[in-house]
Structures are given as structure tokens and as C-alpha cells.
Amino acid sequence: MRILVVGINYAPDLIGVAKYTTEFCESMVAWGHEVRVVTGPPYYPDWSIPREYRSSWYVRERVNEVDVIRAPIYVPARPSGVRRLLHHTSFLVSAAGPLLSGALFWRPDLVFVVAPSLLSAPIAALAARLAGAASWVHVQDLEVDAAFEVGLLRGGAARRIMAAFERWILKAFQRVSTISPQMMARLEHKGIAPSRLREFRNWIDTSSVTPSPRKTALRTELRLGPDDIVALYSGAMSAKQGLELIVEAAAAVEAKHPSLKFVLCGNGPARSTLMQMSQGLSNVRFLDLQPLDRVSELLSTADIQLLPQKAEIADLVLPSKLAGMLASGRPLVAMAKPGTGLATEVEGAGLIIEPGNADALAGALLTLATDDALRARLGAVARRRAEQKWDRVSIMRSLEREFMALPQCAPSHAPRVQQPAISMRSIEHVSTGSRRRPDAPGRPFPRQSMRAPNRGALPAKDRP
């Protein structure tokens with residue numbers, strides 16, 4: 001099967017949507033499918049394009065057997081609401097050429113859109129029609145609702161217009177998937193028929209992120225003692241999280257529990273503000289995003305995982321970092337209202353507190369910091385939940401079955417050609433050092449392609 005993927009974020013970005021889009025593409029390639037990606041240059045979460053990727057034209061490269069076309073885009077240094085809209089509009093314009101040419105000349109079986117950015121979806125839907133391909137849009141964030149809820153965009157009329165545009169886009173696709181039951185309910189409320197909706201949750205490689213001893217090299221680097229209780233936040237630092245509450249909680253507990261330390265790991269537009277707020281606090285450390293081969297170590301450094309979220313975006317997003325937190329076998333403190341998707345996922349694996357309440361956060365942290373048995377019990381539940389509900393292979397297996405059930409993707413009755421094993425170095429391999437194929441053991445996915453391969457490898461960074 002040939003899969004044409006469009007999404008604004010892709011590796012080498014390390015976190016958020018890019019991680020999942022990359023692992024999806026590399027898994028499909030490893031299991032015998034051909035994948036072409038139209039994306040932008042890396043920029044997230046720093047909102048800055050690395051020097052080696054700055055180009056005013058398209059760049060083509062072969063990344064772990066995935067054909068990647070990078071379209072030039074506008075990336076604002078300070079991403080306000082209007083600038084974000086221009087950012088996504090620039091991708092809509094620049095992605096149109098590769099999408100339409102791919103539809104006409106590469107002839108995919110499936111066009112798969114990752115939102116954000118939803119603005120590029122109409123061109124992708126057109127590409128699917130031109131190619132006679134199946135069309136699928138995967139909603140990682142309900143970005144229109146979230147932008148208005150957190151104040152990035154304002155105005156009742158503007159919201160109604162954008163909501164109507166969103167419904168029109170989503171209804172253009174045969175399948176619409178998202179990452180939680182609550183977000184599926186939101187999409188159904190927007191007018192998407194239940195028969196077209198699918199849950200495709202984010203995942204974690206539970207063999208890569210495992211519960212490990214807490215005395216890591218990172219503790220030494222951060223000048224943390226063996227008896228310190230570490231509360232960790234790791235991820236993007238932006239307006240959606242309400243990270244200032246962590247700093248406020250750190251100030252509230254500094255005198256009460258001196259051995260309770262806070263580590264904020266990540267980058268983004270809110271980091272400088274958080275560092276200014278933390279001046280004078282001895283119990284707060286900042287750390288840059290860690291490379292993939294240190295993610296498991298980073299999560300094991302923690303005794304408590306922090307998952308703040310603003311109440312306004314409940315059930316509009318489900319934080320992608322949640323899967324890794326659960327897999328680490330550490331208890332969580334999550335800000336969520338009862339009955340929301342986040343609260344449901346965390347229940348029994350951590351403490352759930354009222355969003356926006358720094359005092360409640362401080363109280364929950366003191367409860368966990370002073371009760372070793374409670375931390376161990378909640379952490380064990382977290383690990384079991386990751387294995388049962390968030391395992392990468394199980395989720396990808398069910399997704400491929402859904403793909404193959406689409407009429408345009410159903411295999412023909414012609415004899416299939418067995419493909420040789422593909423040598424590749426996926427994100428899983430980078431993070432674990434393992435040379436195990438993503439489909440081992442058991443090889444749950446067919447390794448044959450629906451079309452005989454007819455192209456050689458592309459030279460790196462060759463212009464189309």
C-alpha cells in the first residue's frame with residue numbers, strides 16, 4: 001500500500017505530534033508499505049528552524065526509508081494567534097504542490113492527514129480524489145476550539161466561521177480519527193457520523209520506556225541528592241499547560257518539604273517567563289529537552305510526574321506526554337476536572353486535582369512526597385495501564401487493519417510479491433540501541449507491498 005502523509009511536524013522534532021507521525025510512518029515502512037511525507041522543516045518547540053534546514057525552496061530527503069518532502073513555511077519567533085494562523089496558512093500554500101503532484105504521479109492508495117495542521121486538509125482531500133485514494137484525517141488537537149479557549153484567537157463571529165470551515169473539512173474525509181473517546185464525542189457533536197469515526201490513540205513503546213532505578217546520571221548532573229523527591233514536568237512550554245502553577249507550588253512547599261525538588265524539562269515560548277518566576281527558589285531546576293536515548297532515564301529520574309493542563313482545553317487535547325509518564329511506572333499529579341478524558345486516563349495511577357489551583361497542586365505533591373507506599377502503588381497501576389492501553393504494536397496493528405478495510409486499500413487478488421527485510425533505524429532503535437525490528441516478535445503486519453517497488457532510494461536532500 002502506498003500512503004501519502006501530510007503533517008506540519010516531523011522528525012527531527014523530538015516531542016508532540018512529530019514523534020507520533022514519525023513513528024507511524026516508519027512502522028508502516030517496516031511492515032512493507034511505501035510512505036511519502038509532505039511536512040515542514042523542524043522548528044518545535046523552540047519555534048526556530050535549525051540553520052541546516054533553512055531554505056526558501058523544497059528539500060527532499062530519505063529518512064529511515066521514508067520519502068520526506070519538506071516545504072518552506074513561515075515560523076514566527078513569538079507565536080501569537082494571528083501569527084500561528086499565518087504559520088499554518090504558509091504550510092497550506094507550500095504543501096499544495098507536492099500533494100497534488102504526488103496524487104497525480106505517485107498514485108497513493110491512502111492520503112493520511114495529521115491535524116494540526118487542519119488548514120492543509122482541503123488540498124489533501126483533493127489529492128485523494130485525484131488519485132482515487134482513500135482519505136483519512138487524524139485529529140491530534142481540536143485546534144480551532146483550543147485556540148479560542150486559551151485566548152489565542154478571539155471573536156464570536158470568527159469562531160463560528162472557523163467552526164463551519166472545520167466541519168466542512170472533516171466531512172470531506174472517509175475516516176476521521178482522534179486520540180480519546182471524549183474527543184470522538186466532540187467530533188460527533190460537530191456533525192461527523194459515528195460510522196466514520198475511529199479512535200487512534202497515541203502510544204508508547206513499552207519496551208523502550210520502562211520503570212528503572214531512580215538514581216540516574218541525570219540526578220547527579222542536576223545536583224540532586226539520593227533522598228530528594230523529584231517532581232518532573234517534561235514537554236513543550238507554551239500557553240496550553242499553565243506551567244506557572246508548578247512554580248507557584250514550588251514556592252509554597254519550599255520551606256515545608258526542602259527535599260521536594262522540581263525539574264522542568266523542555267523548551268518553548270513560556271520558558272523564559274518561568275525562569276524569571278523561579279529566581280530565588282532553590283528547589284527548581286531547568287533542563288533542555290533530552291535526546292531520545294535519554295528519555296527513559298529522564299522519566300526514571302522522577303518520583304512524581306507532573307501533568308498540568310488548563311481547564312479551558314479539557315477534552316480538546318490529550319497530552320501526548322501522558323503515555324511515557326504512565327510507562328515510567330511513576331505516579332502522576334494531573335490537573336483535570338472529573339469525567340474528562342485526562343481524568344479518566346489518570347484515575348488510579350495518580351492524583352487528580354482541580355485545574356488552575358496551585359494550592360491543590362502543592363497539597364497533592366506533599367501527600368505523595370511523604371508516602372513511599374502510595375507512590376509505589378500508584379506507579380504500578382500506571383505501568384500496567386501503559387502496557388494494556390498504550391502499547392505501540394497493538395495500536396498500530398489495529399490501525400493497519402482499519403486501513404486495509406477501506407475499499408481503495410483492499411488488497412487485490414493478484415499474487416503478492418514477498419519483499420526482502422528492510423534495514424532501517426527507527427526512533428525505537430535510536431532510543432533503545434536495539435536492532436530489533438518494530439514488528440518483532442511475531443511480525444503482526446504483512447511485509448508485502450500492494451505495488452511492486454519500482455524506484456530506487458532517493459539521494460539525501462535532493463530537490464524535487
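Rings of Phe, Tyr and Trp (its six-membered ring) pair if their centres lie within 6.5 Å; planes under 30 degrees apart count as stacked, over 60 as edge-to-face and the rest as tilted. Ring pairs link Y20, F24, F112, W136, F200, W203 and F403 into a cluster. This is a predicted model, in which local features need pLDDT of at least 70, side-chain atom pairs count only at pLDDT 80 or more, and totals for chains, interfaces and linings use all residues. Residues are numbered from 1 along each chain as its sequence is written, and side-chain values use heavy atoms, with hydrogens and water left out.

**Aromatic rings**

- The whole structure holds 13 aromatic pairs.
- Helices (H or I, at least four residues) and strands (E, at least two) are DSSP runs, numbered from the N terminus.
- Both F24 and F403 are buried.
- Buried means under 20% relative accessible area, exposed means over 50%, and partly exposed is in between (1.4 Å probe, protein chains only).
- The ring centres of Y43 and Y44 are 6.4 Å apart and their planes are at 80°, so this pair is edge-to-face too.
- Y43 is buried, at 4% relative accessible area, whereas Y44 is partly exposed, at 23%.
- The charged end of R201 sits over the ring of W390, 4.5 Å from the ring centre.
- A charge sits over a ring if NZ of Lys or CZ of Arg is within 6 Å of the ring centre and within 35 degrees of the ring normal.

**Two helices side by side**

- Helix α2 (residues 81–106) packs against helix α3 (residues 121–131) at an angle of about 10°, and their axes are 9 Å apart.
- Axes are lines fitted to C-alpha atoms, for helices over the stretch in contact, and angles run from 0 to 180 degrees between N-to-C directions.
- The two helices, α2 and α3, are therefore roughly parallel.
- Angles under 35 degrees count as roughly parallel, over 145 as roughly antiparallel, 65 to 115 as roughly perpendicular and the rest as oblique.
- From α2, L92, A96, L99, L100, A103 and L104 meet I123, A124, L126, A127, L130 and A131 of α3.
- The residues of this contact are 12 nonpolar, no polar and no charged.
- Ala, Val, Leu, Ile, Met, Phe, Trp, Tyr, Cys and Pro count as nonpolar, Asp, Glu, Lys and Arg as charged, and the others, Gly among them, as polar.

- F262 lies in strand β10 (residues 260–265).
- F262 is buried, with a relative accessible area of 0%.
- Beyond its neighbours within four places in sequence, F262 is in contact with residues including A231, I246, V253, N283 and L365.
- Contact means heavy atoms within 4.5 Å.
- F262 and N283 are 21 residues apart in sequence and 5.9 Å apart in space, C-alpha to C-alpha.

**Backbone details**

- The peptide bond from Y44 to P45 is cis, with omega near 10°.
- P45 is in the loop between β2 (34–39) and β3 (59–63).
- Another cis peptide bond joins A115 and P116, with omega about 10°.
- N64 is not a glycine, yet its phi is positive, near 50°.
- R223 also has a positive phi, about 55°, although it is not a glycine.
- R223 is exposed, at 65% relative accessible area.
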